[in-house]
Amino acid sequence: MSQSIAVIKGDGIGPEIMDATLRVLDALDCGLTYQHIDAGLGALEKHGTLIPQASLDAIEKYGIALKGPLTTPIGKGFSSINVQLRRHFDLYANVRPAISFPGTRSRYDDIDMITVRENTEGAYLSDGQEMIDDGDTGISVIKVTRKGSERIVRYAFELAKNNGRKKVTAVHKANIIKTSSGLFLDVAREIAKEYPEIEFQEMIVDNACMQLVMNPHQFDVVVTTNLFGDILSDLCAGLVGGLGLAPGANIGEKAAIFEAVHGSAPDIEGKNIANPCALLLAAAQMLDHLGMNDKGDAIRLGIRTVLETRRDMVTPDMGGTGTTDSFAQALVEYVQS
Ligand code: NAI
Ligand code: MG
């Protein structure tokens, strides 16, 4: 049976890395049908809006989107499309694996962990939601709900259970931010009792930052609220060599959007040197989500193999002498062999 997915090529390097990614998906014979939809600068020129209603409808209809990076125009009163999509579809779980690959500039070569960030509440509320800014005083509200905490912590435990992972660490600041972070921690403790087979650890966020840098191997799945998750997941990307290899999934009950963590990189647009790995790894997460874990694994193993053995085909940011196209070509040859 063919599964349709919405595809947003994106701005800047988006079309280049999306073409590379779709080539590899085609070579894997995933049985996917691509429904290309407009968003970002292209949509703004054509339709006068960054995310047309027809595109939202398509994501709703297919339930799955693979998304290239989008440029949000600065200073023109536009709000981030990524934030709009998260809110519109209530994509409450931001899931970011951090896995070491060979040949990267990083401190460690054997990291394998996942951060699960609450994506809809915490300190990132929509404009005008209970904030004060009178020019002299700025007050922002942190909102944590039992429902929001339950679903994100449960998501983290289910992810651990279904992927043979052994431990979930809840990161918090309940000692100081007693109301909101305290509620999150209370809920995490309650949910943890439902999963006796998985080790539960709690850690205060500042200590977690130090532990991640000093001794990252102790972590397996990390679950936390929105602001801490935003920061910690980038820290984890840094542990495995930066944004070129960092994918992310935004998952809700009715839709899931898979994307690279990096932006549209206008400085290298059109040069055929953009690294397609982050979007490819996002596509691998999408295949896992669709129950095609073997094909997701093939992408991950392919990237590992090509980085190790085909430096001539790899993009310059990874120290290679190849192009976006040659990287994709090497992966296509790998999956077909
Ligand atoms: P960026 O991630 O686009 O670029 C930062 C640096 O990393 C640049 O030097 C770029 O050349 C390099 N880089 C990024 N991805 C790369 C890749 N795949 N291969 C090789 N080098 C790569 O961040 P920046 O410059 O802050 O933002 C540019 C635009 O992207 C902005 O309009 C921003 O709003 C948007 N953006 C969109 C995101 C999304 O759609 N998820 C996320 C972050 C930024
Ligand atoms: Mg961020």
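Let me start with the domain contact: 11 residues of domain 1 are in contact with 11 residues of domain 2, where contact means that the C-beta atoms of two residues, placed from the backbone, lie within 7 Å. This is a predicted model, in which local features need pLDDT of at least 70 and side-chain atom pairs count only at pLDDT 80 or more, while totals for chains, interfaces and linings use all residues. Residues are numbered from 1 along each chain as its sequence is written, and chains are lettered from A and ligands numbered from 1 in the order in which they are written.

The side of domain 1 that touches domain 2 takes two or more residues from each of helix H4 (81-88) and strand E4 (93-99), and E4 gives the most, with four residues. Helices (H or I, at least four residues) and strands (E, at least two) are DSSP runs, numbered from the N terminus. By class, that side of domain 1 has six nonpolar, one polar and four charged residues; Ala, Val, Leu, Ile, Met, Phe, Trp, Tyr, Cys and Pro count as nonpolar, Asp, Glu, Lys and Arg as charged, and the others, Gly among them, as polar. Domain 1 covers 1-104 + 243-337 and domain 2 covers 120-239, with bounds from an automatic or database domain assignment, and 26 Å separate their centres, taken over C-alpha atoms.

Now to the sheet. It is open, has 10 strands with mixed pairing, and runs in the order E2-E1-E3-E12-E11-E4-E5-E10-E8-E9, where two strands pair if DSSP finds at least two bridges between them. At the edges are strand E2 (32-36) and strand E9 (199-204), each pairing on one side only. Within this sheet, strand E5 (residues 112-118) and strand E10 (residues 221-224) pair in the parallel sense over four bridges, and isoleucine 114 stands opposite valine 221 in E10.

As for helix packing, helix H1 (residues 14-27) and helix H11 (residues 324-336) pack at an angle of about 10°, with their axes 9 Å apart; axes are lines fitted to C-alpha atoms, for helices over the stretch in contact, and angles run from 0 to 180 degrees between N-to-C directions. That makes H1 roughly parallel to H11, a term used for angles under 35 degrees. The residues of this contact divide into nine nonpolar, two polar and three charged.

Finally, the ligand: 21 residues surround ligand 1, and the closest are Thr71, His262, Gly263, Ala265 and Asn275, a residue being counted if its C-beta atom, placed from the backbone, lies within 6 Å. This shell has 10 nonpolar, eight polar and three charged residues.

Note on methods. Angles under 35 degrees count as roughly parallel, over 145 as roughly antiparallel, 65 to 115 as roughly perpendicular and the rest as oblique.
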